[in-house]
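Colleague: Could you take me on a close look at one part of this model, and then show me what surrounds it? I would like to follow it residue by residue.

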Amino acid sequence: MNLLLTVRHALGALAAAAVLAPATTHAQDKTITLCWAAWDPANALVELSKDFTAKTKVKMKFEFVPWPNFADRMLNELNSKGKLCDLIIGDSQWIGGSAENGHYVKLNEFFDKSGIKMSDFLPATVYAYSTWPKGSPNYYALPAMGDALGWTYRRDWFAKPELQAEFKKKHNRELGPPKTWTELKQVAEFFQGRQVDGKKVYGAAIFTERGSEGITMGATAAMYAWGMTFDDPKKPYNMAGFTNGPAAVEALEFYKSLYKCCTPPGYTNAYMQEGLDAFKSGQVAMQMNWFAFFPGLYKDEKVGGSKIGFFVNPRQKVAASTLGGQGISVVSYSPNKNEALEYIKWFAQPDVQKKWYSLGGYSCHNAVLKDPGFAKTTPFAADFLDAMGGVQDFWQEPAYAQLLLAMQKRVHDFVVADKGTSKEALDALVADWTKVFKEEGKLK
Amino acid sequence: MDAPTQIAQRLAQATPAPLRQRVRGLSDRAIAWLFIGPTMALLLAINIFPLIWTVWLSFTNYRANRPNAEVMNRGIDNYVDVLTDPDIWAAMQATAHFVFWTLLLQTLLGFALAYLIDRKFRGHGFWTTVLLIPMMLSPAVVGNFWQFLYQPQIGLFNYAVSFVSGLPPSSFEMLGSVKLAPWAIVIVDTWMWTPYVMLICLAGLRSIPDYIYEAAEVDRASKWRQFWSITLPMVLPFIMLAVLFRGIENFKMFDMVNLLTSGGPGSTTEVASITLKREAFEKWRTGYSSAFAIVLFVAVFGLANIYVKALNTVKNR
């Protein structure tokens, strides 16, 4: 009898659950996948997204790909109309191709309905991460992770009195974070091959990577600071005299001289990770890298805290920094577009953006960046704001990959492989790019 | 009754009657087709169809990342572009350098090792296994650990060279120097694949009957004479086979070079397959890269055919 009662109760409970379940299990059953690069901020986003799951019951899955393979892997996924990613935090340069080829959902209507205003985000990030055609009010992403190229240095080495004295005697100024590229090279030369704390150290870790985008991102950091623009602002896509103009030629020449004089041995194919390794292992006095890594570096037991200092990309003729960072987009082929859009709506909230920043992500929201206390939140926050005020990005055209690979080849050929002159390299680059833009129908 | 006949009989008994009758009604030719049919279908689907598709694409401006764009016929323009592109010729030159030197070194070393291993000595099995280890490793693993070995500051290779030559270890960069990088990839490939050539040569050496050497001994032929007149001619078809296999493999070498140098410094070690991958899957010039792939295919196929004819001539001598 007891058994019969138990079975009846159990069946009753099951029936009740079946009636009541749809409203709750629907959301609980949903899982959306967010695709991004595998790096420190991605871990912060995993942490942050737990709040989204707690609030909406939509579970989150993450697909993080290491940076060197990120573009290959994700662009293949998008081109094959794959359903792996519901949300993607894609590189800024992908926006043109992804918008034109229909990979990303256009978000204007959704923003209007959800009350998301682009004016709530830093204009430079909206321009770079969200719009296509550039600067138009057509949005394909929400600015998710602001980033720019910056520098770190060994504050503890710079503070050594004997080094301070020697540097001052040689250059008649204090040994401190450089303000210009010329100063940066002087500091790098000063440290190159020097014994510090009983160990041979080198000047600077800069980007020289050949395979993806490394050397282009590094060299353009100098070229932008020399005042280079890729094309004539009045006549778009006219690059002669701009990409290969005197400023660009001089800057590239300088970048090569910095590579030759002041990098560690074997530094011929180095990007973010190699830079981090060189800095963390105490090999270099200065490191070029993305701001995204700075929170992690500041926390590093060996080289963080009081041992590390940060500075914005030095100016030469103008103040400018290479843009990094990404926007978050909904993939057109996702079967879970509603949940993905819900995530974006949640992510755009000022409180969530504040928490995002506190976890180590670089929010682009004005609620974070325009907070009077922002500049003092971390030792690099002021530099970040400074950098974001003058960022410049590579081409964001649908043919960006062709343009990027051409630059990787020409610049690496000149800087690392000693092929030809700076002028010849940039002339060849202009010829390559002209051919691409002609094929694209953007130049006659 | 022997075992295979017993198994055949049991299989025949186990076959259901209707199927047996249907199979009985088929000709030998039909049964043969039945057996090779699935393989042929698979071959057509994954080899022949993509090949024909690639040939078609090679005459178009198609880009796989722009599925909505209009596909236009470009005639032979892609082929003209490929054959007049200086970067393609630079890649072919890098490939030729890599293929020539790896084949030469692997053949010489592989044969020499096989000749040594062919003798009976203590620990013969152990040393054979040790020699075979490199070819059992994944190219990705090999690429990664040679990257460490070539590291100018901590790499064992640089320290070994330093020990022998007296040069400071960090004074030269195997992977970063334009002069040394092409040799760095040759060294790694030779290290990895010489055992493979050795194995094939060893098979050749072991196939030579002892009585030929005994007859030569009776004729008082010197060891040197025996080597030139017996060993080498009889092993030659095997060596040529090894050269063919390695030649084809190295012509399309990608993984190891990509891991070691990514084609750098600059474009010094950018072999044809790396250029092809960049054109096809990074620049997304599908039509152009299809034309390049066809050019490579024709080159390899043509050379391999000529070579196989030469191999047959040697074998029939």
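Modeller: Happy to! Let us begin with Trp433(A), which lies in helix 19 (residues 422-439) of chain A; helices (H or I, at least four residues) and strands (E, at least two) are DSSP runs, numbered from the N terminus. A word on the source: this is a predicted model, in which local features need pLDDT of at least 70 and side-chain atom pairs count only at pLDDT 80 or more, while totals for chains, interfaces and linings use all residues. Residues are numbered from 1 along each chain as its sequence is written, and chains are lettered from A and ligands numbered from 1 in the order in which they are written.

Trp433(A) counts as buried because it has 25 C-beta neighbours inside 10 Å; buried means 20 or more other C-beta atoms within 10 Å of a residue's own, exposed 12 or fewer, and partly exposed in between, with C-beta atoms placed from the backbone. Beyond its neighbours within four places in sequence, Trp433(A) is in contact with Met239(A), Thr243(A), Leu403(A) and Ala406(A) (contact: C-beta atoms, placed from the backbone, within 7 Å). By contrast, 40 Å separates the C-alpha atoms of Trp433(A) and Pro379(A), which are 54 residues apart along the chain.

Now for the wider setting. The largest nonpolar core has 146 residues, and Leu87(A), Ala204(A), Ala222(A), Ala251(A) and Leu252(A) have the most contacts inside it. Such a core is a set of buried Ala, Val, Leu, Ile, Met, Phe, Trp, Tyr and Cys residues joined through C-beta atoms within 7 Å. Helix 18 (residues 400-415) of chain A gives the most to this core, with 10 residues. The core lies between domain 1 (32-147 + 324-392) and domain 2 (149-322 + 399-439) of chain A, because both give residues to it; the domain bounds come from an automatic or database domain assignment.

Leu87(A) also leads us to a sheet. Leu87(A), in strand 3 of chain A, is the bridge partner of Leu34(A). Strand 1 (residues 31-37) and strand 3 (residues 87-91) of chain A run parallel and are joined by 2 bridges; strands pair if DSSP finds at least two bridges between them. Leaving aside neighbours within four places in sequence, the contacts of Leu87(A) include Ile32(A), Leu34(A) and Ile328(A).

In chain A, 5 strands form an open sheet of mixed pairing, in the order 2-1-3-12-4. Strand 2 (59-65) and strand 4 (142-145) of chain A stand at the edges with a single partner strand each, so one side of each is left without a neighbour in the sheet.

How values were computed
Two residues are in contact if their C-beta atoms, placed from the backbone, lie within 7 Å.
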